[in-house]
Amino acid sequence: MSSLIECVPNFSEGCSSAIIDVIKSSISSTPGVSLLDVDPGTSTNRTVFTFVGEPNAVVEGAFNAAKAAKGAIDMSKHKGAHPRFGAMDVCPFIPVRNATMDDCF
């Protein structure tokens, strides 16, 4: 059975469906990745994506999403109730099947 890793990146955009769709597309078009959920929040102006796949595919999906967010989100105009560090705030990797926390570093 292959390894399965989950990724739950948070992006500093929760209002613009056009920007959320750009990030969503960058993840869902990554071979070997399954996008499970997109959870935007307007008051925090932040969206949480959840996707899974084999480790290399998940890393590629996260990198594709970070590149898309960097090009689409203007942090100089960002406002929201949640503190933020950048276009992609956090990007945790979680072992799901046949993987360890060490595999996620």
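How many helices and strands are there in the protein? The model contains two helices and six strands, where helices (H or I, at least four residues) and strands (E, at least two) are DSSP runs numbered from the N terminus. From that terminus on, the elements follow the order β-β-α-β-β-α-β-β. The radius of gyration, taken over C-alpha atoms, is 14 Å, close to the 13 Å that the globule rule gives for 105 residues, so the protein is as compact as a globular protein of that length; the rule itself is 2.2 Å times the number of residues to the power 0.38.

This is a predicted model, in which local features need pLDDT of at least 70, side-chain atom pairs count only at pLDDT 80 or more, and totals for chains, interfaces and linings use all residues. Residues are numbered from 1 along each chain as its sequence is written, and side-chain values use heavy atoms, with hydrogens and water left out.

T30 sits in the loop between α1 (17-28) and β3 (33-41). A polar atom of the T30 side chain lies 2.9 Å from the backbone oxygen of S26. Leaving aside residues up to four places away in sequence, T30 touches A57, E60, G61 and N64, with contact meaning heavy atoms within 4.5 Å.

Across the whole protein, buried residues make up 38% of the 105 residues.

Methods. Polar contact = N/O pair within 3.5 Å; in protein donor to acceptor, adjacent residues only side chain to side chain. Buried < 20%, exposed > 50% of the residue type's maximum accessible area, 1.4 Å probe, protein only.
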